Amino acid sequence: VPLLRVKPRFMIAAGDPCQLPPVIASPTGISPLEPSTSTSSSAALLRAVGQQQQGHLYGLLRPLFVRLTHLGHIPHLLTQQYRCHPTLSAISNRHFYNSQLVNGVTAVQRAPLVPGLGPLVLCDCQKGRSQAAEGGGRSSINKAEAELIVQLVLALLRCSKQPTARQKERRLQERQQQSHNSAAVDAQREQESEQWG
C-alpha cells in the first residue's frame, strides 16, 4: 500500500518465492475470506490456508512474490547460492528449485564447526512424543526432543573449546608473526637511536 502512494515508475523486489509464507497471528489480517458458517478463528485460518493453496486468497497470507507472479510479472531467479554447504543446498535445490541452483562455495569453504562432524546430522529421538502446547492453538511441543537438543548443543560446545590442529597451526603462525614484527620494531628503534643518538 505505501508503494502505491509514492507512485514509483519501477520497483525491484528482492526475495525468495520458495521461502515460507508469512506467519499471521490474527485471522482478521487474512481477508477477504470466502463466506463460511463457522466463526472460530482456527477454522478461519484453516479455510484461509486452503484458499491460499488454491490461489483464491488476497489477504496477508499471500506473499508479495506470489501476488506479482499472478499479475504476470516474471521473477528472475538468482542461481548462485553462497549460504550453505553444498550437501545442504542440494536438498532444497532438488525439491524446491528444480535443480537450477549452483553452489558458489565449496565443501572446504563450509567446513564443519566440529571436526569429524558432517554437514547434516540426523538424530532419532525414539522416546519423543508431540503434545499440544499450552494455550491452545496449533503449536506442539516435544520435551524429549528438546532435552536431546540441549545435550547435543552442550556436547558440541565442549568439542568446540578444544582447538583443532588447524587452529593450533594458525595460532603458532600468529605468534611467529608477532615475534617477527616485534623484532623488526626493535631493530628499527635501535637504528633510529643510532642515527639520532
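Reader: How far is the sulfur of Cys123 from the closest cysteine sulfur?

Author: This is a predicted model, in which local features need pLDDT of at least 70 and side-chain atom pairs count only at pLDDT 80 or more, while totals for chains, interfaces and linings use all residues. Residues are numbered from 1 along each chain as its sequence is written, and side-chain values use heavy atoms, with hydrogens and water left out. A disulfide is a pair of cysteine sulfur atoms within 2.5 Å. The sulfur of Cys123 lies 9.0 Å from that of Cys125, its closest cysteine sulfur, which is too far for a bond. Cys125 is likewise in no disulfide, and the structure holds zero disulfides.

Reader: Which elements does the chain contain, and in what pattern?

Author: Helices (H or I, at least four residues) and strands (E, at least two) are DSSP runs, numbered from the N terminus. The chain has six helices and four strands, arranged along the sequence as α-α-α-β-α-β-β-β-α-α.

Reader: Which residues of helix α4 are buried, and where do they lie around its axis?

Author: The arc of a set of residues is that of the directions from the helix axis to the C-beta atoms. In α4 (residues 86-96), the buried residues are Pro86, Ser89 and Asn93. They are on the same side of α4 because their arc around the axis is only 60°. These buried residues pack against β1 (80-81) and β2 (102-103); a contact means heavy atoms within 4.5 Å. The face turned away from the buried side carries the exposed residues Arg94, His95 and Phe96. After α4 comes Asn98, with a positive phi near 50°.

Reader: Which residues form a nonpolar patch on the surface?

Author: Nonpolar side chains (Val, Leu, Ile, Met, Phe, Trp, Tyr) are joined within 5 Å, and like charges within 9 Å. Here the patch consists of Ile149, Val150, Val153, Leu154 and Leu157, with about 430 Å² of accessible area together. Ile149 lies in helix α5 (residues 143-160). Accessible areas come from the Shrake-Rupley method with a 1.4 Å probe; for residues, only the protein chains shown count as cover.

Key: Patch = residues over 30% accessible without salt bridge, like charges linked within 9 Å, V, L, I, M, F, W, Y side chains within 5 Å. Salt bridge = Lys/Arg side-chain N within 4 Å of Asp/Glu carboxyl O. Buried < 20%, exposed > 50% of the residue type's maximum accessible area, 1.4 Å probe, protein only.
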